[in-house]
Amino acid sequence: MEAKLHHKRPKHLNLFKIRQPLPAVVSILHRISGVLLFFPGIPLLLCSLQMLLQSQHSFEVLQDYLRHPMIKLMLLLPLWFFLHHLCAGIRHLLLDLHIGVALTQARASSKLVFVAGLMLTALAGLMLW
């Protein structure tokens with residue numbers, strides 16, 4: 001009997017074909033955004049800080065970089081990483097306090113996190129231009 005059950009198990013599980021619920025996607029994106037904020041986020045931030053403080057010339061070079069429209073566009077992605085990570089972190093903190101743990105509330109809060117991250121990024125993007 002046990003041998004028959006063993007043969008019915010899938011040999012290869014394709015995780016890209018499994019449709020995850022929105023709270024799981026928000027949680028996974030929270031982890032990914034945290035990793036990307038750490039690396040390469042921190043080294044790039046430290047490099048920018050060094051350029052900012054090193055000399056008047058390096059400060060002007062940094063300003064020229066940040067005025068370029070393509071750089072501004074590229075900055076929206078790490079900005080979204082940060083804002084999504086912030087909103088999802090607040091959601092996880094509330095879940096740890098047993099606030100919003102019911103299924104409907106968890107789904108609603110994950111939608112709110114996703115929309116808030118995108119809206120805050122769009123708002124910050126408008127301010128950059």
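Helices here are DSSP runs of H or I with at least four residues, numbered from the N terminus. Residues are numbered from 1 along each chain as its sequence is written. The model is predicted, so local features need pLDDT of at least 70, side-chain atom pairs count only at pLDDT 80 or more, and totals for chains, interfaces and linings use all residues, while side-chain values use heavy atoms, leaving out hydrogens and water.

**Exercise 1.** Find the salt bridge (a side-chain nitrogen of Lys or Arg within 4 Å of a carboxyl oxygen of Asp or Glu) and describe its two partners.

*Solution.*
- Step 1: The structure holds one salt bridge.
- Step 2: Asp64 and Arg67 form it through their side chains, at 3.2 Å from N to O.
- Step 3: Both partners sit in helix H3, three residues apart, which is about one turn of the helix.
- Step 4: Now check accessibility (buried is under 20% relative accessible area, exposed over 50%, partly exposed in between, with a 1.4 Å probe and protein chains only). Asp64 has 48%, so Asp64 is partly exposed; Arg67 has 52% and is therefore exposed.

**Exercise 2.** Which helix gives the most to the nonpolar patch?

*Solution.*
- Step 1: Patch members have over 30% relative accessible area and no salt bridge; nonpolar side chains (Val, Leu, Ile, Met, Phe, Trp, Tyr) are joined within 5 Å.
- Step 2: The patch covers about 820 Å², and among its residues are Tyr65, Met70, Leu128 and Trp129.
- Step 3: Helices H3 (56-67) and H4 (69-96) each supply at least two residues.
- Step 4: H4 gives the most, with four residues.

**Exercise 3.** Where is Leu128 placed, and is Leu128 buried or partly exposed?

*Solution.*
- Step 1: Leu128 belongs to helix H5, residues 103-128.
- Step 2: Its relative accessibility is 34%, so Leu128 counts as partly exposed.

Note on methods:
Patches are made of residues with over 30% relative accessible area and no salt bridge: like charges are joined within 9 Å, nonpolar side chains (Val, Leu, Ile, Met, Phe, Trp, Tyr) within 5 Å. Accessible areas come from the Shrake-Rupley method with a 1.4 Å probe; for residues, only the protein chains shown count as cover.
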